[in-house]
Amino acid sequence: MKTRADLEALKRELSQRINLLNNDTVFLNMPESQGRIQLLVSRLEAVELLADNLTLLDWVFNDNTDVKRADLVDQDKV
């Protein structure tokens, strides 16, 4: 499974690419440019959701995790 650092790096790269493309007038004049930017924005939102729920994903997919179900619902451990 990817680490939090991997997800943060991907978030940074996607944000930079979106900003770069939004400032590229040649790219923006292409007919499919807005669709491609929107796809990258959707990916960024998905990565942010994954990063926010990495502990939950670890509990779901990792049989050797130290995370307990009680930890997932304990407001002091969130």
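This is a predicted model: local features need pLDDT of at least 70, side-chain atom pairs count only at pLDDT 80 or more; totals for chains, interfaces and linings use all residues.
The C-alpha atoms of Arg43 and Asp6 are separated by 14 Å. Along the chain, these two residues are 37 residues apart.

The packing of helix 1 and helix 3 is described next. Two packed helices are described by the angle between their axes and the distance between the axes. Helix 1 covers residues 4-22, and helix 3 covers residues 33-52. The two pack at an angle of about 155°. Their axes are 9 Å apart. Helix 1 is therefore roughly antiparallel to helix 3, as angles over 145 degrees fall in that class. The crossing of helix 1 past helix 3 is left-handed.

Residues from both helices form this contact. Helix 1 contributes Arg4, Leu7, Glu8, Leu10, Lys11, Leu14, Ser15, Arg17, Ile18, Leu21 and Asn22. Helix 3 meets them with Ile37, Leu40, Val41, Arg43, Leu44, Val47, Glu48, Leu50 and Ala51. By type, the residues of the contact of helix 1 with helix 3 comprise 12 nonpolar, 2 polar and 6 charged.

Arg17 is found in helix 1. Its relative accessible area is 47%, so Arg17 is partly exposed. Arg17 and Val41 are 24 residues apart along the chain. Their C-alpha atoms are separated by 9.9 Å. Glu48 lies in helix 3. Glu48 counts as partly exposed because its relative accessibility is 33%. Glu48 and Leu10 are 38 residues apart in sequence. In space they are 9.5 Å apart, C-alpha to C-alpha.

Attention now turns to the nonpolar core. The largest nonpolar core holds 11 residues in all. Its members are Leu7, Leu14, Ile18, Leu21, Phe27, Ile37, Leu40, Leu44, Val47, Ala51 and Leu54. Helix 1 and helix 3 are the elements that give two or more residues to this core. The largest share comes from helix 3, with 5 residues.

One of the core residues is Ile37. Residues up to four places away in sequence aside, Ile37 touches Ile18, Leu21, Asn22, Phe27 and Leu28.

Ser33 lies in helix 3. This serine is buried, because its relative accessible area is 2% and the cut-off for burial is under 20%. Ser33 touches Phe27 and Leu28, again leaving out residues up to four places away in sequence. Phe27 and Leu28 are also among the residues that Ile37 touches.

How values were computed
Residues are numbered from 1 along each chain as its sequence is written. Side-chain values use heavy atoms; hydrogens and water are left out. Axes are lines fitted to C-alpha atoms, for helices over the stretch in contact, and angles run from 0 to 180 degrees between N-to-C directions. Helices (H or I, at least four residues) and strands (E, at least two) are DSSP runs, numbered from the N terminus. Angles under 35 degrees count as roughly parallel, over 145 as roughly antiparallel, 65 to 115 as roughly perpendicular and the rest as oblique. A crossing is left-handed if the near helix is turned anticlockwise from the far one by less than a right angle, and right-handed if clockwise. Contact means heavy atoms within 4.5 Å. Ala, Val, Leu, Ile, Met, Phe, Trp, Tyr, Cys and Pro count as nonpolar, Asp, Glu, Lys and Arg as charged, and the others, Gly among them, as polar. A nonpolar core is a set of buried Ala, Val, Leu, Ile, Met, Phe, Trp, Tyr and Cys residues joined through side-chain atoms within 4.5 Å. Buried means under 20% relative accessible area, exposed over 50%, partly exposed in between (1.4 Å probe, protein chains only).
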